[in-house]
Structure formats: C-alpha cells, structure tokens
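User: I would like to learn how to read charged pairs and surface features in a protein model. Please take me through them one at a time.

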Amino acid sequence: MKILVPVKRVVDFNVKIRVKPDGSGIDLANVKMSINPFDEIAVEEAVRIKEKSGAAEVVAVSIGPTKAQEIIRTALAIGADRGILVETPDTPIEPLAVAKILKGVVEAEKPDLVILGKQAIDDDCNQTGQMLAALLGWPQGTFASRLSLESGSAIVTREVDGGLETVRLKTPAVVTTDLRLNEPRYPSLPNIMKAKKKPLDTKKPEDFRVDIAPRLKVLKISEPASRKAGVRVGSVAELVQKLKAEAGVL
C-alpha cells in the first residue's frame with residue numbers, strides 16, 4: 001500500500017500574525033513557519049497505518065518555495081519514507097492549482113490513499129481535498145475523526161453538524177483529517193537525523209502541465225476589530241434592557 005500525504009508550510013499556530021500596513025497581505029518577515037497542524041495529523045495517521053500493516057509506503061509532498069523542504073523533513077521525521085517538493089515561487093498558490101498539481105503527483109505515484117488536512121490554518125479554504133477528489137473521480141471522506149482500512153475499502157467516521165457519520169469508501173480514495181483523528185507524535189532526535197538522509201525529489205508545476213497563475217485578486221486584508229470594553233449593569237432589568245436595545249439578542 002502507498003499513502004500520499006500533502007503537507008503545507010504555514011505560519012506557526014503559536015504566532016500572532018501581523019497585517020502589512022498597506023493591507024496587501026500578512027507580514028511574514030522573521031516569522032516562524034511550520035507544518036500545517038491538520039497536515040501533521042494526516043502524516044501521523046499515515047504512519048500509524050504503515051506501522052500497523054508493516055507494508056505501507058508513506059510519501060509526503062509539499063507545494064511551495066525551497067524552504068518548504070523543512071516541512072517535508074518534519075513529515076519524514078514523524079515516519080514518512082520519502083518526500084516530493086513541487087517548487088513554486090514564495091507566493092500563495094490557490095487551492096485549485098494545488099489540487100491540479102496533486103492530481104499530477106497522484107497519477108505519477110499511483111497511491112492507494114491520499115490523506116491530507118481538512119484545511120490550512122493560513123487561508124482556511126477547506127477546498128483542496130474536495131477539489132482533488134473531484135479531479136481524480138475518487139470517493140472522498142472529509143473531516144475524518146476515525147479511519148480504518150479493510151480489504152479494498154476505507155471506513156471513515158466523519159464529523160457533521162448533527163453528530164457523527166460513518167461512510168465506506170472504495171479505495172483509492174481521498175480522506176481529509178479533523179482534529180479528533182489522532183495526536184501527532186514528537187519526532188525523536190534519531191528520527192530527525194534519519195530524516196535528513198531520506199530521499200527528497202524536486203519537481204516543478206510545469207512537470208504536471210499546471211498553470212499556477214492566480215485567478216483571484218486580494219483587494220485588502222485587515223485585522224478584526226478589537227473587542228470593546230464591557231460595561232457593568234446595576235440590575236437584571238438593566239441587563240435585559242441592554243440586551244434588547246443595544247445587543248439586539250432578545
């Protein structure tokens with residue numbers, strides 16, 4: 001079995017982002033970057049499948065600048081076997097272009113399963129997995145909180161508004177991960193050292209005949225309005241009045 005795991009380089013989730021003064025984007029100068037948390041969950045799940053079956057190969061693929069190699073190395077340290085970097089300029093790549101590139105990688109690698117995060121924490125688009133499944137014509141299980149494999153199929157328990165839904169997918173299939181699927185391990189120092197020697201191939205979008213030119217134009221980015229200070233009320237009647245007249249919630 002071969003499992004393909006796309007991983008994205010994003011601003012570390014512990015970092016408070018800053019908007020550029022002109023509103024043209026996010027200030028990334030001297031900002032710590034790391035693997036997208038949902039993608040890290042995907043890598044962990046793929047490695048667990050490999051450890052359980054004993055015969056799986058896990059391939060981590062990232063689309064981004066040369067610096068994205070460090071994200072692939074993180075996936076390799078967790079337990080992936082090899083990596084592929086599709087090198088692009090250090091500018092945001094839209095989900096459709098990412099899905100088209102991943103389609104080319106899938107056609108070249110022929111995996112039995114693609115596991116990726118349900119969304120990236122930088123743009124929160126939640127589109128790539130669904131677009132990839134549509135382009136490939138594969139079944140998809142999104143927002144997976146549990147994943148198990150049987151002969152020729154994947155059973156995915158997914159989180160929906162009304163609770164949990166369990167679906168059976170015929171493999172090959174695309175699965176996107178939610179937070180409750182697992183807790184990623186911390187790579188050990190020996191595995192970090194081993195990751196430096198694992199194979200990592202470099203490709204270009206042109207190798208997959210994909211145009212990454214943007215189709216959307218960002219007009220402006222602004223920070224959310226700061227929270228106003230609270231007020232103290234003297235009685236329940238005054239609270240109800242403010243909720244009706246000012247907050248409009250009653």
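User: How many salt bridges does a search of the whole structure find?

Analyst: Side chains of opposite charge can pair when their charged atoms come close. In this predicted model, a search of the whole structure finds 19 salt bridges. One of them joins K8 and D122, whose closest N and O atoms are 3.1 Å apart. K8 lies in the loop between strand 1 (2–6) and strand 2 (9–11), and D122 in the loop between strand 6 (113–117) and helix 4 (128–136), so this pair ties together parts that are 114 residues apart in sequence.

User: Which residue forms a salt bridge with E107, and where do the two lie?

Analyst: The partner of E107 is K103, and their closest N and O atoms are 2.6 Å apart. Both residues belong to helix 3 (residues 95–109), 4 residues apart, about one turn of the helix. E107 is partly exposed at 42% relative accessibility, and K103 is partly exposed at 24%.

User: Which residue does K242 pair with?

Analyst: K242 forms a salt bridge with E246, with 3.2 Å between the closest N and O atoms. These two are 4 residues apart in helix 6 (residues 236–247), so about one helical turn separates them. K242 counts as partly exposed at 25% relative accessibility, while E246 counts as exposed at 60%. Elsewhere, salt bridges that share partners join K2, E57, R82 and E109 into one network.

User: What is the nearest side chain of opposite charge to E45, and how far away is it?

Analyst: It is R48, at 4.9 Å. A salt bridge needs a nitrogen of Lys or Arg within 4 Å of a carboxyl oxygen, so a pair must meet that cut-off to count. E45 has no salt bridge, although this residue is buried. E45 sits in helix 1 (residues 37–53). Leaving aside neighbours within four places in sequence, E45 is in contact with L147, L181 and N182.

User: Which residues make the nonpolar surface patch of about 280 Å²?

Analyst: L189, I192 and M193 make that patch. L189 lies in helix 5 (residues 189–195), and this leucine counts as exposed because its relative accessibility is 59% and exposed means over 50%.

User: What share of the chain counts as buried?

Analyst: Of the 250 residues, 43% count as buried. The accessible surface of the chain comes to about 14600 Å², and 53% of this area belongs to carbon and sulfur atoms.

Methods: Residues numbered from 1 in each chain as written. Predicted model: local features only at pLDDT ≥ 70, side-chain atom pairs only at ≥ 80, totals over all residues. Heavy atoms only, no water. Buried < 20%, exposed > 50% of the residue type's maximum accessible area, 1.4 Å probe, protein only. Areas by Shrake-Rupley, 256 points an atom, 1.4 Å probe, with all protein chains shown as cover. Patch = residues over 30% accessible without salt bridge, like charges linked within 9 Å, V, L, I, M, F, W, Y side chains within 5 Å. Lys, Arg positive; Asp, Glu negative; His and termini not counted. Contact = heavy atoms within 4.5 Å.
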